[in-house]
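Colleague: I am new to reading protein models, and I would like to learn how to look at one feature after another. Could we go through this one together?

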Amino acid sequence: FHRQLDECAGDLAATGDLARQTGLRLTMHPAHYVQLSSPDPARAAHGRAELAVAAALFDGMGLDAGAVLVVHVGGMYSDAAAGRERFVRQVEQLPPPVRARLALENDDHLYSLEDCLWIQRRTGIPLVLDILHLHCLNPAGRTQTEALAAALATWPVDVRPKIHFSSPRTSLRAVQRRTATGAAGLGGLRPQMPLPHQHSDFLDPFAVIDLLRDAQAGGLRPFDVMLEAKGKDLALLRLREQIGQFAPELALLVG
């Protein structure tokens with residue numbers, strides 16, 4: 001697949017044209033194995049290579065600066081401060097076209113918004129605020145509006161910021177038990193309690209309404225919201241319906 005992007009140049013250009021015609025903003029969240037904070041030089045280099053290919057994919061579509069590659073800092077490897085430093089050094093090694101597409105997301109249990117702001121001040125990478133992650137990990141005790149304002153301010157004036165929104169799963173679910181050898185699916189089902197960082201199928205419409213109203217009241221700049229829900233498009237359609245019912249004055253914001 002080493003020449004796949006070149007071989008698919010025509011298809012990529014056509015896909016980019018289609019995205020522009022339909023008003024779609026395309027972004028990407030590379031997989032967890034992109035670990036720029038890793039102390040292993042080979043693993044960090046693999047992460048840089050993955051990001052370079054992803055950036056080339058967007059370049060092949062002719063996408064503008066709004067098409068970002070959203071990454072996490074990565075693992076702590078027993079020292080969060082050293083991990084942040086390594087992340088910064090790895091970012092500095094990226095070619096400018098790749099670095100220009102990066103955006104950094106706060107974690108739910110490792111690197112907080114404060115850590116990401118520390119990195120942003122040293123790299124200029126804009127921040128994608130994940131609202132659920134903020135509720136899970138917020139050592140500074142920032143309000144949602146304060147955090148949102150801080151994250152939006154990191155974006156260039158000519159690029160619309162984006163954030164992530166999800167609701168925590170609250171339902172009990174059944175998962176496959178694992179056997180003594182670690183194999184799944186052979187030991188029957190067991191109940192799993194909901195975890196606060198897990199995404200629900202649908203979205204809490206009142207939390208979304210509060211977010212939008214807070215942003216309006218705070219005079220914050222416009223931003224895109226990527227919804228993270230297991231229900232995918234059904235979750236968006238349901239949310240539109242509910243906002244139209246409970247906050248019709250906001251309906252145009254979720255078109």
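Colleague: Is L237 buried, partly exposed or exposed?

Modeller: This is a predicted model, so what we say describes the prediction. The general idea is that a residue counts as buried under 20% relative accessible area and as exposed over 50%, with partly exposed in between. L237 has a relative accessible area of 47%, and therefore it is partly exposed. L237 lies in helix 10, which covers residues 233-246, and together with F202 and L234 it forms a nonpolar patch on the surface, with about 300 Å² of accessible area for the three together.

Colleague: Where is L137, and is it buried or exposed?

Modeller: L137 sits in the loop between helix 7 (131-136) and helix 8 (144-152). Its relative accessible area is 19%, and because the limit for buried is under 20%, L137 counts as buried.

Colleague: Which residues is L137 in contact with, apart from its neighbours within four places in sequence?

Modeller: With those neighbours set aside, L137 is in contact with D107, D108, H109, L110, Y111 and S112.

Colleague: How many residues of helix 6 are buried?

Modeller: In helix 6 (residues 113-123), eight of the eleven residues are buried, so the helix is largely enclosed by the rest of the structure. Among these buried residues are L113, C116, W118 and I119, but also D115 and Q120. The buried residues pack against helix 4 (80-92), helix 5 (96-99), strand 2, strand 3, helix 7 and helix 8.

Colleague: In what order do the strands lie in the sheet?

Modeller: Three strands form an open sheet in the order 1-2-3, with parallel pairing. Strand 1 (69-71) and strand 3 (127-128) are the edge strands, each pairing on one side only. Strand 1 is joined to strand 2 (residues 102-105) by three bridges, and V70 has A103 in strand 2 as its bridge partner.

Colleague: Which residues have the most contacts inside the largest nonpolar core?

Modeller: The largest nonpolar core has 51 residues, and those with the most contacts inside it are L51, F87, L102, L104, L129, L148 and I163. There is also a second, separate core of six residues, which includes V70 and A103 as well as V128 and V159. Leaving out residues up to four places away in sequence, L102 touches L51, L69, V71, V91, L94, I125 and P126.

Methods:
Residues are numbered from 1 along each chain as its sequence is written. This is a predicted model: local features need pLDDT of at least 70, side-chain atom pairs count only at pLDDT 80 or more; totals for chains, interfaces and linings use all residues. Side-chain values use heavy atoms; hydrogens and water are left out. A nonpolar core is a set of buried Ala, Val, Leu, Ile, Met, Phe, Trp, Tyr and Cys residues joined through side-chain atoms within 4.5 Å. Buried means under 20% relative accessible area, exposed over 50%, partly exposed in between (1.4 Å probe, protein chains only). Contact means heavy atoms within 4.5 Å. Patches are made of residues with over 30% relative accessible area and no salt bridge: like charges are joined within 9 Å, nonpolar side chains (Val, Leu, Ile, Met, Phe, Trp, Tyr) within 5 Å. Accessible areas come from the Shrake-Rupley method with a 1.4 Å probe; for residues, only the protein chains shown count as cover. A salt bridge is a side-chain nitrogen of Lys or Arg within 4 Å of a carboxyl oxygen of Asp or Glu. Helices (H or I, at least four residues) and strands (E, at least two) are DSSP runs, numbered from the N terminus. Two strands pair if DSSP finds at least two bridges between them.
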